[in-house]
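Hello,

Here is the structure I promised to hand over. Please look through it, then read my notes below.

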There are 2 protein chains.
Amino acid sequence: MNKILRINMASLEQKLEDGNKDYELLGGRAFIAKFLLDEVKPSCEPLGRHNKLIYTPGLLGGSKVFSSGRISIGAKSPLTGGIKESNGGGVVGIKLGRLGYKAIVIEDLPQNDQKYIIKISAEGVEILPGEEYWGLKVYETAAKLRERFGNKVAVSCIGPAGEMKFFSAGIANTDAEGVPSRYSGRGGLGAVMGSKGIKALVIDDSGAKMHEPANSAEFNEVMKEYAKILKESPVVEAYNTYGTSAMVQVTNAVGGLPTRNFSAGKFEGAEKIDAERLYDTITSRNGNPTHACMPGCMIRCSNVYPDEQGNTVVSPLEYETIALMGSNLSIDNLDVIAKLNYLCNDYGIDTIETGAAIGVAMEGGVIPFGDAQGAIELVHEIGKGSLIGRVLGMGAAITGKVLGVTNVPVVKGQSMPGYEPRGIKGLGVTYATSPMGADHTAGATARAKVDHNSREGQAALSKKMQYTIPIYDDLGLCMFVSAALGAYPEVLAKLVNTQLGTNYSSDDLFKLAQDTVQWEREFNRRAGFTNADDRLPEHFYEEQNLSTGTVFDVSDEELDEVHKLG
Amino acid sequence: MNKILRINMASLEQKLEDGNKDYELLGGRAFIAKFLLDEVKPSCEPLGRHNKLIYTPGLLGGSKVFSSGRISIGAKSPLTGGIKESNGGGVVGIKLGRLGYKAIVIEDLPQNDQKYIIKISAEGVEILPGEEYWGLKVYETAAKLRERFGNKVAVSCIGPAGEMKFFSAGIANTDAEGVPSRYSGRGGLGAVMGSKGIKALVIDDSGAKMHEPANSAEFNEVMKEYAKILKESPVVEAYNTYGTSAMVQVTNAVGGLPTRNFSAGKFEGAEKIDAERLYDTITSRNGNPTHACMPGCMIRCSNVYPDEQGNTVVSPLEYETIALMGSNLSIDNLDVIAKLNYLCNDYGIDTIETGAAIGVAMEGGVIPFGDAQGAIELVHEIGKGSLIGRVLGMGAAITGKVLGVTNVPVVKGQSMPGYEPRGIKGLGVTYATSPMGADHTAGATARAKVDHNSREGQAALSKKMQYTIPIYDDLGLCMFVSAALGAYPEVLAKLVNTQLGTNYSSDDLFKLAQDTVQWEREFNRRAGFTNADDRLPEHFYEEQNLSTGTVFDVSDEELDEVHKLG
């Protein structure tokens, strides 16, 4: 599985390559880091012809390993100006993996602004006219493509926001039921896809099979062990029941739940939007509180949120959206948040970036905090591409500049997810120092047993997470697996070796994670990033989180130590 | 003359200091460079409490030396995120110099958003309530303050754009007749002044005298020599007759006149907006084609542009405005350009940044190229602070992002002035590498006798200019003096020494210029700038100037050599 398919959108040529030896043992985020560093000029215009959009499953993509089907999508980000890997669930990664692709690399820009869809199957790749889908929202796009190409295909597509090249535009991937709501949401990759004139990838893996393990007997043994570990993990159990929304109580308790444009960390309406309320609401309406975004996932953190009539509003409704579009906007109503979530999914925008942008707009007086109807209308404005919609659609940083708001929760131009960094300082360190910009998945610390309001040990904690998580991102494993498998690195290595026929030690995997982050840092360095970019905005250092009374006080020196190795 | 006055806008305390020894021989741009590097955290929020707004005349400010009355205003720029000195004419510098101030340093932010004006006279400094002036446009502000404080005061003020903290907001300084149209226009310093709650400085130098030279006899001798050099200079003569508009023919001839959002360099309507047409129009309407922005200036590059009835529209109408709001917008009508210029002056915005932003908006389809009425209305929108006005008012870079236009003529966030950098490549080098962002005054090359379309020697030419001009900026001399005095460095040194009683060699002055630029570079480096910021936007390298067929091809290596010394 070392096939790299290049598709050139200007010439419409495709080229199937055996990947360079250097890429042989790289997948997912690791592949993106190395490939962009090797091939893309870091200073290039992200929406210009030199940027490349990469789809790559993890190294275990297409295998039988549970929860190994994540898709990594990457490019230079128009939002951050730096490297970007955005990782999504659903079945796109699984199907690309089964078809034997290490990566699909989409290059250049289309001539005369032509629009395409790309069909990938065992028979090869077709670049098809896409004009008829241009302008469609995400759910309709996926539905039409599944109608045309069959219900078993996976779809990865953009909505109107991606077409308009908004920096908050994500790429939607279908789940096992064909619902296009597994988002590679962050960093504006939807805009890169839009710039390349591509509405959707359609992936048909008919005839392709799961990758057989190199060593079946041992593989089956270690899979049993892996299953046992997952089953016995209390974190996995929590995800199973409550999904990611379990985090509302965790963060609110320590003053880390972003509230009213990240001015506070405890939300007076928290219990109206927390995990129990969500669970009760879903179950009382005959929704599904535990759903798997990809087949073979034991974590099943997803859910299906129905309205009072029992009709699905959105699936899933996750913690980050609850935080960014709930407490951050002073909205304490799950029905409203679910509706906002659905609209963002349908227009093709990241709920985190959009929630942060609307929070900034609320602080700027566009609408008041708590104005649910106003927030819904603003999301419609983004979808329509009106002027205020364009401003918001470009993300929180641009919104702040246009509206004259300086308290803007962004790092490297990307908005913070659902952890207030003066309340949960380890995530503040991750936001500041991750090559991805503010990103919880790059090094989540909220579940650690530490005093989250204190600066003590936070830099080290973030560092540990930042250099662990890429292992999972490289392999295509869900990051939640790490909560269970983190204590069993040798099991992880055995899974890899028995599947791939390699001979990695767990240290080798850590080394790969380390290389991944350092390649990313090097890309960013060449793009012009320095330690000065590894900081939170000034107000987090100088104004207190209104709930905790704390400021962000991890020193510059500590931040600069995070990526020093050895 | 080493008095530094600090005014703290939070405590309303003022403190008069004898400047640190290090500052003794620094004035104007040199003072700003060293002082910001010493005192302002380079990573600070430009509109936050850590930024400092500095007014400083040059070292010769307040002396009898012709054309030595420039005022340097500086701070960390909200537009570029880097260091900024913006240099204006008029009488503010002269009066501050006569009052004996090396610098006025305005610190911190006002409590409860209070508004002030600051009155500076021989009796001292008063911080007065400014609420009644808040909201007024620039001309009315100056008129009311002169009515209140007497016709002889100088006024330095902001308009509504500065109050709204727009990144294109400048600071207007009054000329000898009290007209507030000598702009420290670039880099958004008006927003910094607005953030500090200051509508205006009023400077009354009653009772203060010109600085007597340290050595009168020799000073008078060298002044005669200086006058002769100015009088005999053909460049000075050209400025005298045609002002800066003489440049229209020069740039248009080589394909360097920015046309339609910098897509071309020759404008089919050039002769309708060139120096002769301007001269004829002004003289036929009994306007004044040659006006001095400060008393004692022999260059008199300014003019007074009247309408058909002979009523003043604006004074001066200068080349940069003609290029950015004329050819760049495909507007070939001087009356329209004069009107746009007046409106920008009155709202308090930089005509360069605004012309570039409207050019980008035209490319983005907001209004068509050539739409004079539309352009006028857009400037009104900026003044009103409507949403499109806010977008444009934040400058060309933000406008490009919001509207999805990637061909944006900016470097370090600041828009290019009136020289298309594929047509006049030396200025392309200056734009790319100046610590100020795209700025013609940092190293103008358009009058050099070289092939401007060729890359040969352009980096060296720009370097020479970038390390010469700061001498003039440090002394408070008009940069046009350099065109005459450049060949006589020893005369310049004699002027300085006989006035100040120093013993500088001309090499010492060059060393001071060198230090100035290197201090600025160091500030920017600490703010996070790298060589990656010393580049033009991608399209200038890849798409041809439609008039010349050339691309910008000065190599990265050549650009990186510009600031290597020794």
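Two strands pair if DSSP finds at least two bridges between them. Strands (E, at least two residues) and helices (H or I, at least four) are DSSP runs, numbered from the N terminus. The model is predicted: local features need pLDDT of at least 70, side-chain atom pairs count only at pLDDT 80 or more, and totals for chains, interfaces and linings use all residues. Residues are numbered from 1 along each chain as its sequence is written, while chains are lettered from A and ligands numbered from 1 in the order in which they are written.

First, the sheet. In chain A, six strands form an open, mixed sheet, ordered S8-S7-S12-S9-S10-S11. S8 (124-129) and S11 (182-184) of chain A are at the edges with a single partner strand each, so one side of each has no neighbour in the sheet. From one strand to the next, the twist averages 20°. S9 (154-157) and S10 (171-173) of chain A run antiparallel, joined by two bridges. Ser156(A) sits opposite Asn173(A) of S10(A).

Next, a helix pair. H1 (28-39) and H21 (506-527) of chain A pack at about 35°, axes 9 Å apart (axes are lines fitted to C-alpha atoms, for helices over the stretch in contact; angles run from 0 to 180 degrees between N-to-C directions).

Last, the two chains. Their contact (C-beta atoms, placed from the backbone, within 7 Å) takes 26 residues from chain A and 25 from chain B. H14 (387-393), H15 (396-403) and H21 of chain A each supply at least two residues of chain A's side.

Best wishes

How values were computed
Contact = placed C-beta atoms within 7 Å.
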